[in-house]
Amino acid sequence: MTKKPKQIAIYGKGGIGKSTTTSNLSAALSDMGYKVMQFGCDPKADSTNTLRDGSYIPTVLDMLREKGKVDAHETIFRGYNGIYCVEAGGPAPGVGCAGRGIITAVQLLKQQNIFEELDLDYVIYDVLGDVVCGGFAVPIREGIAEDVYTVSSSDFMAIYAANNLFKGIQKYSNSGGALLGGVIANSVSSDYQRSIVDDFVARTKTRVMQYIPRSITVTQSELSGKTTIEAAPDSAQAKVYRELAERIDAGASSAVPHPLDPQDLRAWAAKWADLILAIESGEVTDAAQAI
Ligand SMILES: Nc1ncnc2c1ncn2[C@@H]1O[C@H](COP(=O)(O)OP(=O)(O)OP(=O)(O)O)[C@@H](O)[C@H]1O
Ligand SMILES: [Mg+2]
């Protein structure tokens with residue numbers, strides 16, 4: 001009997017570190033012995049390039065546009081440690097819906113039973129942005145992914161995007177949509193940043209999967225076209241990514257998140273504005289105590 005791969009989707013605000021985190025996660029899971037496919041769902045088609053020495057691959061939608069009919073095998077490229085890399089691509093600029101493009105690309109692989117044929121353990125979808133457009137909710141609502149993780153820093157706009165994603169998950173949860181595995185706290189290095197994220201997850205009844213510091217090792221690795229797992233396997237940062245992979249692999253107790261409504265989110269942010277000032281001035285030394 002062929003097994004079903006675990007399918008997870010990574011969301012988050014633009015530029016927050018989704019592709020970096022996803023690629024390191026794929027690399028770490030692959031090092032653990034799993035067969036992994038990373039599926040980029042961003043028209044920029046840059047999700048997988050640090051798995052492939054910085055090189056870009058043709059996208060599924062581009063191939064379909066060029067040839068009309070495509071053998072799914074042609075859309076799959078191998079990366080670090082044999083990781084299967086696919087980029088869905090996007091519609092021609094200015095026309096069409098990118099979300100529909102994701103469905104088309106996933107369907108092409110599913111119709112040709114690629115996941116079973118490759119005997120995959122994990123398919124990881126790296127999805128653009130938050131769920132402002134229904135199209136990007138596709139991996140959540142079409143029963144594609146089971147678990148969703150969001151990458152967020154402690155910046156308000158990143159948290160705002162995470163909160164919007166929670167609304168999307170909550171909306172589709174009654175109709176078999178994906179559940180939230182947790183928040184991956186990226187570029188969180190100081191105590192107060194950690195406290196902000198901790199407070200947000202407590203209020204939304206979610207959890208932090210891993211705190212990932214901002215690190216020059218990530219920058220160096222990216223400049224050499226590689227993940228940190230590949231370029232600096234003995235670094236502290238690689239260890240952090242490996243821990244993230246282990247936690248995700250341990251099996252998420254995924255759940256429906258409880259997003260804050262706009263007024264509550266505003267009030268929450270305003271409270272933190274006062275608090276970080278008090279922390280900066282030394283008036284408050286323990287943010288967790290002061291909440
Ligand atoms: N923990 C980190 N330490 C240092 N740099 C980081 C870290 N995480 C991400 N970056 C850097 O931030 C930049 C944006 O990251 P990335 O491309 O992964 O974001 P993204 O969320 O996928 O962006 P987009 O929404 O455009 O797809 C990259 O240059 C990456 O190297
Ligand atoms: Mg990206």
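How much area is buried between domain 1 and domain 2, and what percentage of it do carbon and sulfur atoms give? In this predicted model, local features require pLDDT of at least 70 and side-chain atom pairs count only at pLDDT 80 or more, whereas totals for chains, interfaces and linings use all residues. Residues are numbered from 1 along each chain as its sequence is written, chains are lettered from A and ligands numbered from 1 in the order in which they are written, and side-chain values use heavy atoms, with hydrogens and water left out.

The area buried between the two domains is about 1,000 Å², and carbon and sulfur atoms give 75% of it; buried area denotes the accessible area (1.4 Å probe) that two parts lose on being put together, summed over both. On the side of domain 1, F156, Y192 and D199 supply 44% of the area buried against domain 2, more than any other three residues. Domain 1 spans 6-259 and domain 2 spans 261-291, with bounds from an automatic or database domain assignment. Their C-alpha centres lie 30 Å apart. The contact (heavy atoms within 4.5 Å) takes 12 residues from domain 1 and 13 residues from domain 2.

Polar interactions also cross this interface. There are 3 residue pairs in polar contact between the domains, both residues being at pLDDT 80 or more; a polar contact is a pair of N or O atoms within 3.5 Å, where within protein one must be able to donate a hydrogen and the other to accept it, and residues adjacent in sequence count only if both atoms are side-chain atoms. The interface holds 1 salt bridge, defined as a side-chain nitrogen of Lys or Arg within 4 Å of a carboxyl oxygen of Asp or Glu. K271 forms a salt bridge with D199, with the closest N and O atoms 2.9 Å apart.

Helices α6 (156-172) and α7 (191-203) each supply at least two residues of the side of domain 1 that touches domain 2; helices (H or I, at least four residues) and strands (E, at least two) are DSSP runs, numbered from the N terminus. The largest share, 6 residues, comes from α7.

By the same rule the count of salt bridges comes to 10. D147 and K6 are joined by a salt bridge with an N to O distance of 3.0 Å. Because D147 lies in strand β6 (residues 147-152) and K6 in strand β1 (residues 6-12), the pair ties together parts that are 141 residues apart in sequence.

At ligand 1, an oxygen atom lies 2.8 Å from a polar side-chain atom of K18.
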